[in-house]
Amino acid sequence: MAIQKIFIVGAGFMGTGIAENAATNGIEVVTYDIIEPVLERSKRIIDKNLTRKVTKGRMTEADKEEIIGRITWSSKIGDCADADIIIEAVSENKELKGKIIKEIEEIAPDNAIIASNTSSISISYLSGLLKDPSRMIGMHFFSPVPAIPLMEIVRGLQTGVRAKKLAIELAETMGKKYIQSRDEPGFLINRMLLPMLNEACVLVERHVGTIEEIDHGMKLGLNHPMGPLELMDMIGIDIELSVMNVLHEEIGDSKYRPAQLIRRMVDAGYLGRKTGIGFYIYDEDGKKIQPNTFILK
Ligand SMILES: NC(=O)c1ccc[n+]([C@@H]2O[C@H](COP(=O)([O-])OP(=O)(O)OC[C@H]3O[C@@H](n4cnc5c(N)ncnc54)[C@H](O)[C@@H]3O)[C@@H](O)[C@H]2O)c1
């Protein structure tokens, strides 16, 4: 079956990236959110990203218009009624995701599969909430979605063969390479990555090095394209806290306990790029200005 249309729940950072990537590869997309200004922002971001590609000569103005023409921004959940795949990309909250996929199952076509972009929540748990658990699968994209070639496919205990087949087909249509993971906390990548990012926070907290030294160190010493603190700002400090909480709760080992600094930053609204302040302070265009010295107090 060729995938014609996908419905994305959540027009935040990831939902917007998935929409741009899918539409660029010829798929019709509906991006849904409950907050109107978020839909407007999503539209602006995609326009800006594609305009940059036109300016750099990587696509024509006509290509850009065609891609944007494939995306509908909607505040009606009922628009999932003719989608082949529904991808849930709302905030990392078990109850919220559960509520949404149950609602989606009532509206979506019976043969549509329901995917979650969760970073850490059990796919088997989400499947178990559905009348047909075999249609649920994890499709874990990486940010920024249009630039990062990986999709992590996560099979819950009840995930069916068809859901896996369609997930692979979508990955390939979107130009992604995929890896498969069993449904374990953090799957493959976040299980390794998050403790490393958390440790970078502990080093900041304990004044072992400065924010910039920690990032420079990992970039220059290990050839990482971004430092851990820059990466945390891009992913979102709130997302990291949620994932660390799941890892700690489910695995139990103290090495997964979130650093105090992560908790305090979330309390303070220092969520990274999306709030303009995290480990660094950003200007209105998202350009890094300087390290956030408030967190060193
Ligand atoms: N940020 C990353 O780098 C990253 C990477 C991989 C996976 N993820 C996962 O993707 C998901 C989304 O993360 P994000 O960074 O895009 O978060 P985000 O905060 O940028 O976006 C979440 C969106 O969900 C919307 N939302 C909340 N409740 C809703 C509802 N009831 N109906 C419709 N929309 C609703 C919000 O309005 C918001 O726009 C999370 O599960 C996260 O763990 C994030």
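Phe-187 sits in the loop between strand S8 (177-182) and H7, and its backbone has a positive phi of about 55° although Phe-187 is not a glycine. Helices (H or I, at least four residues) and strands (E, at least two) are DSSP runs, numbered from the N terminus. Do keep in mind that this is a predicted model, in which local features need pLDDT of at least 70 and side-chain atom pairs count only at pLDDT 80 or more, while totals for chains, interfaces and linings use all residues. Residues are numbered from 1 along each chain as its sequence is written, and side-chain values use heavy atoms, with hydrogens and water left out.

**Another loop to look at**
- The peptide bond from Ser-143 to Pro-144 is cis, with omega near -10°.
- Pro-144 belongs to the loop between strand S6 (136-141) and strand S7 (150-155).

**H2 with H3**
- Helix H2 (residues 36-55) packs on helix H3 (residues 61-69) at about 155°, and their axes are 9 Å apart; axes are lines fitted to C-alpha atoms, for helices over the stretch in contact, and angles run from 0 to 180 degrees between N-to-C directions.
- That angle makes H2 roughly antiparallel to H3 (angles under 35 degrees count as roughly parallel, over 145 as roughly antiparallel, 65 to 115 as roughly perpendicular and the rest as oblique).
- H2 and H3 have a right-handed crossing (right-handed if the near helix is turned clockwise from the far one by less than a right angle, left-handed if anticlockwise).
- On the H2 side the contact (heavy atoms within 4.5 Å) is made by Ile-46, Asp-47, Leu-50, Thr-51 and Val-54, and on the H3 side by Glu-61, Lys-64, Ile-67 and Ile-68.
- By class, this contact of H2 with H3 has 5 nonpolar, 1 polar and 3 charged residues (Ala, Val, Leu, Ile, Met, Phe, Trp, Tyr, Cys and Pro count as nonpolar, Asp, Glu, Lys and Arg as charged, and the others, Gly among them, as polar).

**H1 with H2**
- The axes of helix H1 (residues 13-24) and H2 come within 10 Å and cross at roughly 50°, which makes H1 oblique to H2.
- The crossing of H1 and H2 is right-handed.
- From H1, Thr-16, Ala-19, Glu-20 and Thr-24 meet Ser-42, Ile-45, Ile-46, Asn-49, Leu-50 and Lys-53 of H2.
- The contact of H1 with H2 comprises 4 nonpolar, 4 polar and 2 charged residues.

**H7 with H8**
- Helix H7 (residues 189-205) and helix H8 (residues 211-222) pack at about 145°, with axes 9 Å apart, and their crossing is right-handed.
- Met-196, Ala-200, Leu-203 and Val-204 of H7 touch Ile-211, Ile-214 and Met-218 of H8.
- This contact of H7 with H8 has 7 nonpolar residues, no polar and no charged ones.

**A pocket beside H2**
- Glu-20, Asn-49, Arg-52, Lys-53, Lys-56 and Arg-58 line the second largest pocket, and H2 supplies the largest share of that lining, 3 residues.
- The lining of this second largest pocket has 5 charged residues, 1 polar and no nonpolar.

How values were computed:
On a 1 Å grid over the protein atoms alone, a cavity is a set of points where a 1.4 Å probe fits but cannot get out, and a pocket is an open set with protein on both sides within 12 Å along at least five of seven lines; lining residues have an atom within 4 Å of a point.
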